[in-house]
Amino acid sequence: MQTLASAAAALRACTPDGRYGRVAAVRGALIEVAGLSGAAQVGSRVSVHGAGGIIESEVTGLDRDIAICLPFADPHGVSTGSPADLTAGVSMLRPSPAWLGRVIDGLGRPIDGKGPLPLGSDPRPIKAAPPPAASRARVGRKIETGVRSLDVFAPLCVGQRLGLFAGSGVGKSVLLSMLARWASCDVAVIGLIGERGREVQEFIEDDLGVEGLARSIVVVATSDEPALMRRQAAWTTLTVAEHFRDAGAHVLCLMDSVTRFAMAQREIGLASGEPPATKGYTPTVFAELPRLLERAGPGLPDKGSITGLFTVLVDGDDHNEPVADAVRGILDGHVVLSRAIAERGRYPAIDILRSVSRTLPGAHSDEQNRLRVAARRELSTFADMEEMIRLGAYKSGSNADVDRAIRTAPAIEKLLNQSRLEQGNAEAAFHALVDLLEIEP
């Protein structure tokens with residue numbers, strides 16, 4: 001019965017007739033196709049025949065009888081008059097548990113040299129709507145991430161969506177790799193969007209390792225690929241995660257980075273004639289961000305959940321730039337990585353005082369919250385007086401709270417320091433805070 005229902009769904013996604021056009025013009029990355037009037041829609045797929053083979057593209061705009069298409073690959077070899085076939089139906093993926101341990105591109109094609117991917121029985125639209133808000137389950141229990149800074153000060157819960165905000169070179173990719181290796185989950189779906197090509201294999205072999213890859217599916221679109229492929233890779237990441245969520249699994253979805261998704265959408269929007277808005281970002285960027293990020297989170301009560309960790313590359317270390325500001329308002333918490341903390345050698349360079357998890361205080365017990373607040377207070381007091389202390393302008397004994405912060409803050413910083421190969425333990429970290437803060441348990 002299930003097989004028949006799946007077959008019926010696949011048939012409904014198809015149309016019985018074909019439609020063909022011709023390339024009318026090629027303008028940079030844009031391909032204009034004539035002859036698809038009345039059939040092509042925004043989001044439709046068009047297969048363009050070039051000198052080097054078939055180039056898949058997507059309709060991103062319509063102008064009278066011209067379909068404006070952006071290709072998923074370099075349009076080299078396309079000429080005017082080249083045939084263009086309108087692909088029937090909606091863009092679909094057919095994920096399967098056999099995809100675990102594989103590396104795929106934004107179109108769901110294998111790129112790891114391990115042969116073809118087995119197809120699952122249920123087709124899923126690549127651009128899907130999130131579960132109905134009134135029907136979604138609530139955020140679940142706390143997850144042990146293995147990163148002490150997060151487990152103590154910004155805990156992550158099942159179905160939560162957390163943003164990792166940092167400038168370039170501050171260590172967000174390393175932090176993401178620690179979470180990919182140690183955070184508890186059934187399945188990990190990792191989207192590397194606009195990543196440097198040389199770092200992909202390093203991430204898979206060194207950071208994930210054999211055991212991590214066995215429970216993961218990695219979706220890759222490197223920085224040299226067209227904007228359409230980078231955007232598609234982000235949608236594919238969430239589509240694969242949704243498949244396992246609806247099968248009842250607890251999915252950890254890691255995406256690096258949302259900013260590159262936004263940049264890809266900006267390129268697509270500008271090429272399609274959209275007016276630029278804040279810092280050149282087009283209006284569709286701020287419409288697509290919530291549509292992407294809301295797909296993560298708890299599923300329906302009888303299904304699984306997607307716990308999302310999304311990195312945000314802040315432009316010029318400005319944490320109030322448009323994409324960072326928009327994403328911060330959508331997600332359920334934000335973790336800020338500070339360049340100043342990284343420069344003094346403490347990793348992960350998480351700024352405890354600027355990081356927030358919206359599952360607090362419910363994610364911790366009363367005793368754990370008491371320790372967390374006390375530790376934050378010591379760090380805050382030290383931060384307020386840090387310049388005076390370094391300049392020697394503060395005289396010991398002038399203020400008991402400051403004297404206490406001078407004793408305890410460096411020890412707390414040392415506790416938070418953690419190499420990328422060292423797995424932390426939350427319970428041990430709280431016990432250490434009891435001793436550092438001299439609080440009765």
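Trainee: What share of the 441 residues of the protein counts as buried?
Mentor: We're looking at a predicted model, where local features need pLDDT of at least 70, side-chain atom pairs count only at pLDDT 80 or more, and totals for chains, interfaces and linings use all residues. Residues are numbered from 1 along each chain as its sequence is written, and side-chain values use heavy atoms, with hydrogens and water left out. Buried means under 20% relative accessible area, exposed means over 50%, and partly exposed is in between (1.4 Å probe, protein chains only). Of the 441 residues, the share that counts as buried is 54%.

Trainee: Which element of the protein has the lowest mean pLDDT?
Mentor: pLDDT is the predictor's confidence in each residue, from 0 to 100; for the protein the mean is 89, and 95% of residues reach 70 or more. Elements here are DSSP runs numbered from the N terminus: helices (H or I, at least four residues) and strands (E, at least two). Strand 8 (residues 103–104) has the highest mean, 96, while the lowest, 62, belongs to helix 1.

Trainee: Why is the protein said to be as compact as a globular protein of that length?
Mentor: The secondary structure comes to 12 helices and 19 strands. The radius of gyration is taken over C-alpha atoms, and the globule rule is 2.2 Å times the number of residues to the power 0.38. For 441 residues that rule gives 22 Å, and the protein counts as compact because its own radius of gyration is close to that, at 24 Å.

Trainee: In what order do the six strands of the closed barrel run?
Mentor: Two strands pair if DSSP finds at least two bridges between them. Strand 1 (residues 19–27) and strand 6 (residues 83–86) pair in the antiparallel sense over four bridges, with Gly21 partnering Ala84 and Arg22 standing opposite Pro83. Strand 6 also pairs with strand 3, antiparallel over three bridges, where Val46 faces Leu86. The closed barrel, with antiparallel pairing, runs 1-2-5-4-3-6.

Trainee: Which residues make up the covered face of strand 6?
Mentor: In a regular strand the side chains alternate between the two faces of the sheet. In strand 6, Pro83 and Asp85 form the uncovered face. The covered face is made up of Ala84 and Leu86.

Trainee: How many of the seven residues of strand 15 are buried?
Mentor: Strand 15 (250–256) is joined by six bridges to strand 13 (residues 187–195), running parallel, and six bridges join it to strand 17 (residues 305–313), also parallel. His250, Leu252, Leu254 and Asp256 point one way, Val251, Cys253 and Met255 the other, and all are buried. Strand 15 is largely enclosed by the rest of the structure, because its buried residues number seven of the seven.

Trainee: Which residue does a cis peptide bond join to Asp256?
Mentor: Most residues other than glycine have a negative phi, and most peptide bonds are trans. Another cis bond runs from Leu360 to Pro361, with omega near 5 degrees. At Asp256, omega is about 10 degrees, and the residue joined to it is Ser257.

Trainee: Is Arg64 buried or exposed?
Mentor: Arg64 lies in the loop between strand 4 and strand 5, and its phi is positive, near 55 degrees. Lys279 also has a positive phi, near 50 degrees, and at 48% relative accessibility counts as partly exposed. Arg64, at a relative accessible area of 77%, is exposed.

Trainee: And is Glu413 buried or exposed?
Mentor: Glu413 sits in helix 11 (residues 400–416). Leaving aside neighbours within four places in sequence, Glu413 is in contact with Arg344, Arg346 and Leu379. Its relative accessible area is 19%, so Glu413 is buried.

Note on methods
Contact = heavy atoms within 4.5 Å.
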